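Let's take a walk through this protein together. Have the sequence and the 3D view open, and follow along piece by piece.

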Amino acid sequence: MPYFDFAATTKPSKEVLDMYNKVNDEYWYNISGQYRPSVVGANLLEKASSQIMSALNVKNKKIIFTSGATEANNTAIYGICNKYIGQNKHIITTSIEHASVLNCFKNLEEKGFEVTYLKVDKSGVIDLNELENAIKPNTIFISIMWVNNIVGTVMPIKDIINIVKKYPRIKLHVDAVQGIGKLENDFDFSAIDMFTLSGHKIHGVKGVGALVLNNNIELSTLIKGGHQQNNMRAGTVDLASILAFTVALKNAIKAQAVTYNYVHELYMHLFNSIKDLNYLSLNVNKKAYSPFILSITFKNIKAETVMHFLERYDIYVGIGSACNEKTKTVDPVLEYMQDKNLAINTIRVSFSKDNKKEEVDLLIEKIKEIGEK
């Protein structure tokens with residue numbers, strides 16, 4: 001079954017599932033308890049946090065484990081901004097963020113925050129001058145994703161860091177979900193105030209993510225309740241998911257270079273095989289792209305039609321973010337990069353190490369078949 005929607009989710013690896021099952025079998029106790037099995041679990045959580053920091057090569061950070069990237073993004077945004085409601089503050093994001101970021105900013109705008117939504121050019125990248133010019137004396141928070149989840153455009157995070165560090169009062173948050181364990185970072189994660197991770201995008205289990213943040217940042221809590229995770233996130237800790245996530249993250253980072261080269265070959269094979277077809281166009285930033293995602297727009301065929309045609313042959317692609325696919329809303333990045341009327345004709349092909357060249361060959365064959373009808 002050729003599956004090409006790995007930007008939506010990935011299959012948990014055997015090693016990840018083995019860890020998940022082992023913890024649920026042997027360390028199922030509530031780690032908030034004071035008796036020995038609970039203390040053992042708490043120590044395992046602390047060890048996992050250290051292993052994640054080491055794998056990411058970051059210092060002076062702490063980690064909040066969450067139910068996923070959506071909660072982690074919400075925790076970062078509201079954790080900073082809720083303290084400033086009614087204080088005439090300004091915040092900045094891009095117009096192409098994931099819904100779990102954009103909808104928070106829209107909500108804060110309704111609560112009185114001044115919000116700047118940075119636009120992107122035809123290649124899907126923000127203008128750094130526009131970012132710097134947008135910063136005001138009352139700006140407190142900026143959130144910009146590393147890799148766009150729809151078209152795979154890579155934002156210039158290193159340059160963004162250099163701009164924001166001139167303004168110590170501003171906290172920078174980066175949604176790193178589609179980049180971590182896939183792309184080599186040309187920036188230092190330690191230089192980012194906060195960044196978000198997700199388990200199920202890197203062959204971990206669903207329902208677990210993390211927000212990594214500076215030790216000196218104090219957030220207003222999103223979830224009210226007990227004192228778990230050093231008062232940062234209430235609720236009984238899901239140790240099994242966290243330890244499985246730790247395995248997935250370590251494995252992804254360790255294999256990142258090999259995985260990238262393998263996936264890049266598949267990406268280029270697909271790209272070169274269809275780039276000259278006159279009935280479609282490719283939404284690509286050739287200078288800053290992730291080979292894990294290729295966005296393809298058909299000139300005269302709806303994306304949903306293409307998706308269901310491919311499905312007949314057990315080929316599965318996305319038609320946008322899995323978070324907005326059922327609502328049939330068009331992601332803003334597509335409207336910036338192409339004719340707005342063609343945005344609904346766009347499919348997303350996203351790869352992982354599990355894909356095979358033979359699967360890509362079949363996808364190419366079927367794309368040509370429906371396009372030439």
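Find Thr196 and look across to β8: the residue standing opposite Thr196 there is Leu211. Keep in mind that you're looking at a predicted model.

Now check what else Leu211 is up to. Leu211 is also the bridge partner of Ile64. Here the neighbor is strand β2 (residues 61-66), which runs antiparallel to β8 and is joined to β8 by six bridges.

Next stop: the nonpolar cores. The largest one is made of 95 residues, and Trp146 and Leu270 have the most contacts inside it. Helix α8 (residues 239-254) is the top contributor to this core, giving 10 residues. Apart from that core sits another, with 22 residues, including Ile80, Cys104, Ile140 and Leu213.

Finally, head over to helix α10, which covers residues 303-311. Its buried residues are Ala303, Val306, Met307, Phe309 and Leu310. Why do they end up on the same side of α10? Because they cover an arc of only 165° around the axis. And what do the buried residues of α10 pack against? Their partners are β10 (293-298), β11 (316-317), β12 (346-350) and α12 (357-371).

Notes: Residues numbered from 1 in each chain as written. Predicted model: local features only at pLDDT ≥ 70, side-chain atom pairs only at ≥ 80, totals over all residues. Heavy atoms only, no water. Buried < 20%, exposed > 50% of the residue type's maximum accessible area, 1.4 Å probe, protein only. Helix = DSSP H or I, 4+ residues; strand = E, 2+ residues; numbered from the N terminus. Arc of directions from axis to C-beta. Contact = heavy atoms within 4.5 Å. Pairing = 2+ DSSP bridges. Core = buried A, V, L, I, M, F, W, Y, C linked by side-chain atoms within 4.5 Å.
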